[in-house]
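Good morning, colleagues. Please look at the structure on the screen while I go through a few of its features.

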Amino acid sequence: MAEASYSQAVPSLFFRPPTLDDLDAIHDIEANSYPEDEAATYEKLKFRIEQASGQFLVAIKAASAADGSNSTDQLVGYVCGTCSSASSLTHESMSSHEPGGSLLCIHSVAVAAQHRRHGIASRMLQLYLRYMQGTTAGLQEVRLICKEQMIPLYSKAGFVLLGPSSVEHGQEQWHEMAWQPHEEDA
């Protein structure tokens, strides 16, 4: 029963890399998902699309002909990251993109407010990890920082809590989590 209600709650989604045409929608979701002192700027998001599009996926809710409207596909969320040669997350390792880096730093897992609590973030994150494992040469580890209330979401996706992060970003304490690719999942 719970499985049926879950599948009914998750809209028909497809995933793809972003284009610059998506930047306004991505920036809007980012600005509405994080406090102002934590949200990525328009320029940072543009940099990630232009320089690290291989580590960036958007979730698109497919338009439904069944509702009788002239609706169009809608960008409802995204996961973005950059690669680094560093061994841990620091401001420096998260501020640039090194295409050959073996550490993938996830910056944002964000869903538009009206689409939250429908399993989209979990679905995006699981797909993102599989996609990155299959497309990012030399990937050895994925790391992210998150607030305490988000630890369960990332734990369910296979991330392990490493402890408080040394990265200071905004007013609250962040926690660092890591995920390691599994050969059998490749």
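Tyrosine 154 has a relative accessibility of 6%, so this residue counts as buried; buried means under 20% relative accessible area, exposed over 50%, and partly exposed in between, with a 1.4 Å probe and protein chains only. Phenylalanine 159, at 4% relative accessibility, counts as buried too.

Before I continue, a word on the source: this is a predicted model, in which local features need pLDDT of at least 70, side-chain atom pairs count only at pLDDT 80 or more, and totals for chains, interfaces and linings use all residues. Residues are numbered from 1 along each chain as its sequence is written, and side-chain values use heavy atoms, with hydrogens and water left out.

How many aromatic pairs does the structure hold? There are two; rings of Phe, Tyr and Trp (its six-membered ring) pair if their centres lie within 6.5 Å, and planes under 30 degrees apart count as stacked, over 60 as edge-to-face and the rest as tilted. One of them joins phenylalanine 56 and tyrosine 78, a tilted pair with 5.8 Å centre to centre and 35° between the planes. Because phenylalanine 56 lies in strand β2 (residues 56-61) and tyrosine 78 in strand β3 (residues 74-84), the pair ties together parts that are 22 residues apart in sequence. Helices (H or I, at least four residues) and strands (E, at least two) are DSSP runs, numbered from the N terminus. Phenylalanine 56 and tyrosine 78 are both buried. In the pair of tyrosine 154 and phenylalanine 159, the ring centres are 5.9 Å apart and the planes stand at 75°, so that pair is edge-to-face.

I turn now to the strands. Strand β4 (residues 103-111) is mostly covered, with nine of its nine residues buried. β4 pairs with β3 in the antiparallel sense over eight bridges; two strands pair if DSSP finds at least two bridges between them. Threonine 82 has cysteine 105 in β4 as its bridge partner, and cysteine 105 in turn has arginine 143 in β5 as a bridge partner. β4 and strand β5 (residues 141-146) run parallel and are joined by four bridges.

Together, β4, α5 and β5 make a right-handed β-α-β unit: with the strands pointing away from the viewer, the path from the first strand over the helix to the second runs clockwise. The buried residues of α5 include Ile120, Leu125 and Met132.
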